[in-house]
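Q: Hi! Could you walk me through this one while I have it open?

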Amino acid sequence: MTIGEKFTSAFIAENRWQLYLKGLGITIEIAFFAAIIGLILGTVLALMKLSTHKDGKPAAMSYISTAYVDIIRGTPSVLQLLIMWFIVMKSSNNGVLVASLSFGLNSAAYVSEIVRAGILAVDKGQMEAGRSLGLTKGMTMRYIVLPQAMKNIIPPMGNEFITLLKETAIVGYVSLNDLTRAANLIQSRTYEAFMPLIGAAVIYFVVIKALTLVLGVVERRLRRSDNR
Amino acid sequence: MKKLLALVLTGVLGVSVLTACGSSSSAPSAAAETASTEVAAASTETETASASGSALDKDTLIIGTNAAFPPFEYAGDDGTPAGFDVDLINAIGEKLGKKVEVKDMEFDSLVASIGNKIDIAIAGMTVTEERQKMVDFSDPYYEAVQNVIVVNGSEIASADDLKNKKIGVQLGTTGDFIASDIEGSEVSQYNKAVDAVNDLLNGRVDCVIIDANPAQEFVSQHAEELTALEGTQFGFETENYAIAMPKGDAALVEAVNQALKELKEDGTFDKLVAENITGE
C-alpha cells in the first residue's frame with residue numbers, strides 16, 4: 001500500500017474520521033467532568049488536610065484527607081477504573097459517568113496536594129495580619145490567603161489537567177470508545193498501525209497545545225499585578 | 001536564528017528517538033510476557049525475519065497469540081499460554097525442528113505484528129479477505145461458527161432480534177465485524193471476551209457474539225444465568241481457523257502446511273482436539 005492509500009483507509013474510507021472525532025468527544029467529555037470533580041473535591045481535601053484544632057494539632061478531618069490521598073496515589077488509575085466499572089458501579093450503564101467519576105476521584109488526590117502547596121506558599125504573616133485585623137480564620141482564608149494562593153496553584157493545575165486528559169486513554173479497558181480506542185479500532189479493521197496511532201497522537205497533541213496556550217494567557221493575566 | 005536552530009535540533013532529536021525505537025527490537029525487554037516452551041535460545045535469536053528472508057532460516061519461531069480464548073488459548077496454571085493452539089504450534093515446531101516461543105498479546109494487534117514482532121500468529125483466527133491482504137494463511141485447521149450468548153429467558157432468538165441491540169464483542173474478532181454490520185446495533189468492544197461476558201451478566205449489553213468454543217466455555221461457568229445460541233439460527237456463516245504468517249513467505253507457509261498434514265495423518269491432531277476441545 002502506498003502512503004496515500006494507507007491514509008485513505010485509516011481516515012477517509014467508511015467515514016472513519018468520524019470515529020476519531022467521536023472518540024475525541026468522549027475523551028474531552030470525561031476529562032472535563034473529571035477535572036470539575038477533581039477541582040472541587042481536591043480543594044475540599046486540601047482544606048481538610050490543613051485544618052487544625054485551636055492548639056495547632058491536626059484535626060480528625062486532616063487524617064481522613066491524608067488517608068484518601070495515600071490510597072488513591074498508592075494504586076494505579078487503571079485498577080481504580082476497573083474497580084469502579086466492574087465492582088462499585090456495576091449496575092450503571094453510563095460509561096462516561098463511571099469513567100468521569102473514577103478519574104475525578106483520582107485527580108482530586110493530586111489536586112489537593114497542589115492546592116495545599118499553593119496555600120502553604122502564601123506567607124504566614126498574611127494569615128496573622130488578617131486575624132489581627134479581626135477577621136475569622138475562615139474569612140482570612142477566603143478573602144486573603146486563597147486569592148494569593150491561586151497564583152501558585154494555576155501552573156501545576158494546568159499540568160494536572162493535561163495529565164488527566166492523557167490518562168483517559170485507558171478507558172478502552174472498559175469498552176468506551178475514546179480517541180485512543182478509536183485508533184485501536186481502526187487498526188483492528190485495516191491491520192495497519194502507523195496511520196491511526198500517529199493520527200491519534202497528533203490530535204492529542206493539538207488539543208493539549210491549545211489547552212497550554214489558554215493556560216498561558218490565564219497565568220499572564222494573574223501576573224499582571226506583579227509589575228508595579 | 002537561534003530559535004530556528006533549536007527547533008530543527010529538537011526535530012532531529014525527536015525523529016532519531018522514534019526511529020531508534022523502531023529498529024532495535026533485539027532487546028529482550030518483553031521477556032516478562034514471553035513464555036518459552038523450550039529453553040529460550042540466546043536473546044539475539046529473538047529477532048524476527050525481515051521481509052526478504054524466510055522465517056524458516058531462524059532457529060526459534062516467535063509465535064503470537066491472545067490467551068483469552070479458551071479452549072484454543074488461555075493462561076495456563078503457570079500463567080503462560082496454554083490450550084489447543086499452543087499445543088498445535090508446539091507440535092508443528094517439533095516437525096519443523098524449530099524452537100517455539102509463544103508471546104501473549106492483544107488480539108487486535110496480532111495481524112499488524114506479523115513479520116515484525118512475531119513470525120506466526122495462531123489464535124483461533126478466522127480467514128477473512130481483509131486479513132488475507134496483510135498476511136498469508138495456512139490451510140484451515142478448524143471449523144467454527146459464531147455463537148450468541150444471552151441471559152436465560154432473553155427474547156433474542158433470530159437475526160431480526162439482534163437489530164438495535166447492545167452487543168458485546170472482543171475487539172477485532174469476527175464477532176466484532178458481524179455485530180458492527182447489524183442494523184442499529186450499539187457495539188461495545190472489549191479487550192477480552194470474558195469482560196464482555198461480565199458486562200452481559202451486569203446487564204450492560206444484551207448479548208455477546210463470540211466463537212462457539214469459547215462461548216460454550218464461558219456459559220459452562222455461568223450455566224444458571226447464561227445460554228449460548230448456535231450462530232446458524234442467526235444466519236452466521238461457518239468460518240475457518242488458520243495460522244497466519246508473513247505475506248509472501250511461501251517457504252514457511254508450505255512447511256507449516258506440510259507439518260499440519262503430517263500431524264493430521266499420524267493422529268496427533270485428533271489427539272490434541274480430544275484433549276483440549278472435546279474434553280476427554
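Here is a short chat about domains, a core and a pair of strands.

A: Happy to! One thing to keep in mind is that this is a predicted model.

Q: Good to know. Which domains does the assignment give for chain B?

A: Domain 1 covers 32–143 + 240–276, and domain 2 covers 146–237.

Q: How far apart do the C-alpha centres of those two domains lie?

A: The centres of domain 1 and domain 2 of chain B are 27 Å apart.

Q: And how many residues are in contact between them?

A: On the domain 1 side of chain B there are 10, in contact with 13 residues of domain 2 of chain B. By class, the domain 1 side has 6 nonpolar, 2 polar and 2 charged residues.

Q: Switching to the largest nonpolar core, which residues touch the most other members?

A: Those are A121(B), I149(B), V208(B) and A244(B), in a core of 84 residues. Helix α8 (residues 250–265) of chain B gives the most to this core, with 7 residues. Both domain 1 and domain 2 of chain B supply at least three residues each.

Q: What does A121(B) touch?

A: Leaving out residues up to four places away in sequence, A121(B) touches G64(B), T65(B), L110(B), V111(B), I114(B) and A244(B).

Q: New topic: is strand β6 of chain B mostly covered or uncovered?

A: Mostly covered: 5 of the 6 residues in β6(B), which spans residues 99–104, are buried.

Q: In which sense does β6(B) pair with strand β2 of chain B?

A: The pairing is parallel, over 6 bridges, and β2(B) is residues 60–65. Within it, I62(B) stands opposite E101(B) of β6(B).

Key:
Residues are numbered from 1 along each chain as its sequence is written. Chains are lettered from A and ligands numbered from 1 in the order in which they are written. This is a predicted model: local features need pLDDT of at least 70, side-chain atom pairs count only at pLDDT 80 or more; totals for chains, interfaces and linings use all residues. A residue is buried if 20 or more other C-beta atoms lie within 10 Å of its own, exposed if 12 or fewer, and partly exposed in between; C-beta atoms are placed from the backbone. Helices (H or I, at least four residues) and strands (E, at least two) are DSSP runs, numbered from the N terminus. Two strands pair if DSSP finds at least two bridges between them. Domain bounds come from an automatic or database domain assignment. Two residues are in contact if their C-beta atoms, placed from the backbone, lie within 7 Å. Ala, Val, Leu, Ile, Met, Phe, Trp, Tyr, Cys and Pro count as nonpolar, Asp, Glu, Lys and Arg as charged, and the others, Gly among them, as polar. A nonpolar core is a set of buried Ala, Val, Leu, Ile, Met, Phe, Trp, Tyr and Cys residues joined through C-beta atoms within 7 Å.
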